Amino acid sequence: MSGAKVIPKETLLLPYQSAWVKDGARLKIAEKSRQVGWTWATAYGLVRRKGLKGARLDAWISSRDEIQARLFLEDCKAFASLLQTGADDLGERVIDDSGHSAFVLAMANGLRIHSMSSNPDAQAGKRGDRVLDEFALHPDPRKLYAIAYPGITWGGSLEIFSTHRGSANFFNQLISEVRHKGNPKGFSLHRVTLEDALAQGFLHRLQTKLPPDDPRQDMDEAAYFDFIRAGCPDEETFRQEYMCEPSDDASAFISYEMIDACRPREPGWQGLTGGVPVFMGVDVGLTHDKTVFWLAEKIAGRYVTRRLVAMQDVNFDEQERVFCELMDTCAVTRCCIDQNGIGRQMAWRMGKRYGHRVEGVNFTLKSKDDMAYKVKAALEDRTLTLADDARIAPDFRSVKKTTTAAGNVRFDAERTKDGHGDMFWACGLMLLAGADGGGPVAYALPGGNGADDPDGTGYRTRGAFN
């Protein structure tokens, strides 16, 4: 039995979905909560329009990746069957001389729906309706808009919808124009937060699709809202992903734009190429923080992530077993490991085992500054391919740059149940391992003449275990 208190009418679409589908504006844009059925409703509206006998112009959908492009077309096929509109799935087809392809659905009236992944250039030279799905998550939203918009010159409409991806993202700029700058482009604006969706019957609709034993079946709207909020990495993520409030890019060291530009473009990112240097960074934690292993191949000057392992509440024996497995099976060229605090023993033991291939690194103001800027430079220059892992963005964004009263620059992250910027620092350690061919780098130590300063110079050199 459903625990939802808001029971919607027995209609195909919820009110916010219906409002979007029925809006016939030439330009329309929506900021929305994650996973409230927006893409699904858009597919329905598109098939309903394009299946009409007198309909004109093909439709071109741009999704964030190939998987989403295929899923969008699957929804279109299902609605074509529901509406008894003849449609043939033509599979993946090359759509221009540049070799761009799309998944194509041919309607009985001769029109076609083309669903393609995010390359903006694939939009060039095409006429007809445009649908830009999860617009803010595309690698270059501004370029995508610039190429897609001229395609409706001779007719058709442009639909843009997305969750937010930072305040500096072009999607948020478009929303701000509508709301605060007189709407110069003439968009029809829609906005649906998780709270809005729940008030319109979303939870009841969700519960009709869930298995009977799913724990969400007994929740009412307030309990579900709290459940989703508690499951997010932090409050900033929840506000952005579910409440249509873009994160403040001015307060974060790493922007979403940098992260999205370095997402993997091909499936199967875990596979090792072989025959190229392999570098690993390890940030050590136990209960409050994660132990993160970040492993990448360096291919033609580019670091391509091949493994990303995050462990929490796992004993050090198991952590060392994973460390050795990665070092041995992936033939790691060099590894930098956090040797602060609880990481010191693992760093020492692995250094003894693997010699110069393992380097212990103290987290000082100087070393953290170096690693933080290495990560930022690799993202800005797009010389780093990230893993396809939703945990990376909030983790990287949690790292803030501050200046102390004494004028010292610090990089740190608020400690939460999901860690302490652990992935960011593991990535920084990986890049440090690969810097300058992995050769020694000296870092100033506070005080000098300690256990890590055997020569009394006030510096410790990476690779001191051999």
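I began at strand β11 (residues 302–311), which is joined to β14 by two bridges, the two strands running parallel. The model is predicted, so I kept to its rules: local features need pLDDT of at least 70, side-chain atom pairs count only at pLDDT 80 or more, and totals for chains, interfaces and linings use all residues. Residues are numbered from 1 along each chain as its sequence is written, and side-chain values use heavy atoms, with hydrogens and water left out.

**The sheet**

I followed β11 and β14 into their sheet, which is open, has six strands in the order β13-β12-β9-β10-β11-β14, and shows mixed pairing. For my own reference, two strands pair if DSSP finds at least two bridges between them. A reminder to myself: strands of a sheet pair through backbone hydrogen bonds, either parallel or antiparallel. Which residue of β14 stands opposite Val-304? I found Thr-385 there.

**The whole chain**

I looked up the totals next: the protein chain has 15 helices and 18 strands. These are DSSP runs numbered from the N terminus, helices being H or I with at least four residues and strands E with at least two. Of the 466 residues, 53% are buried, where buried means under 20% relative accessible area, exposed over 50%, and partly exposed in between (1.4 Å probe, protein chains only). Among contacts with a separation of 6 or more, 67% come from residues 24 or more positions apart; contact means heavy atoms within 4.5 Å.

**Helices α11 and α12**

I then turned to α11 (residues 316–329) and α12 (residues 343–354), which pack at about 35 degrees with their axes 11 Å apart. The axes are lines fitted to C-alpha atoms over the stretch in contact, and angles run from 0 to 180 degrees between N-to-C directions. On the α11 side I listed Phe-316, Gln-319, Glu-320, Phe-323, Cys-324, Met-327 and Asp-328, and these meet Met-346, Arg-349, Met-350, Arg-353 and Tyr-354 of α12.

**Cysteines**

How many disulfides does a search of the whole structure find? The count is zero, with a disulfide taken as a pair of cysteine sulfur atoms within 2.5 Å. For Cys-262, the nearest cysteine sulfur is that of Cys-427, 9.4 Å away. Cys-262 is buried, at a relative accessible area of 0%.

**Loops**

I checked His-420, which sits in the loop between β16 (409–413) and α15 (422–434). Is His-420 buried or exposed? His-420 is buried, with a relative accessible area of 16%. The C-alpha atoms of His-420 and Ser-398 are 7.8 Å apart, although 22 residues separate the two along the chain.

Last, I noted two positive phi values in residues other than glycine. Leu-57, in the loop between α2 (38–50) and β2 (59–62), has phi near 70 degrees. Asn-183, in the loop between α5 (170–180) and β8 (188–192), has phi near 50 degrees. Asn-183 is partly exposed, with a relative accessible area of 22%.
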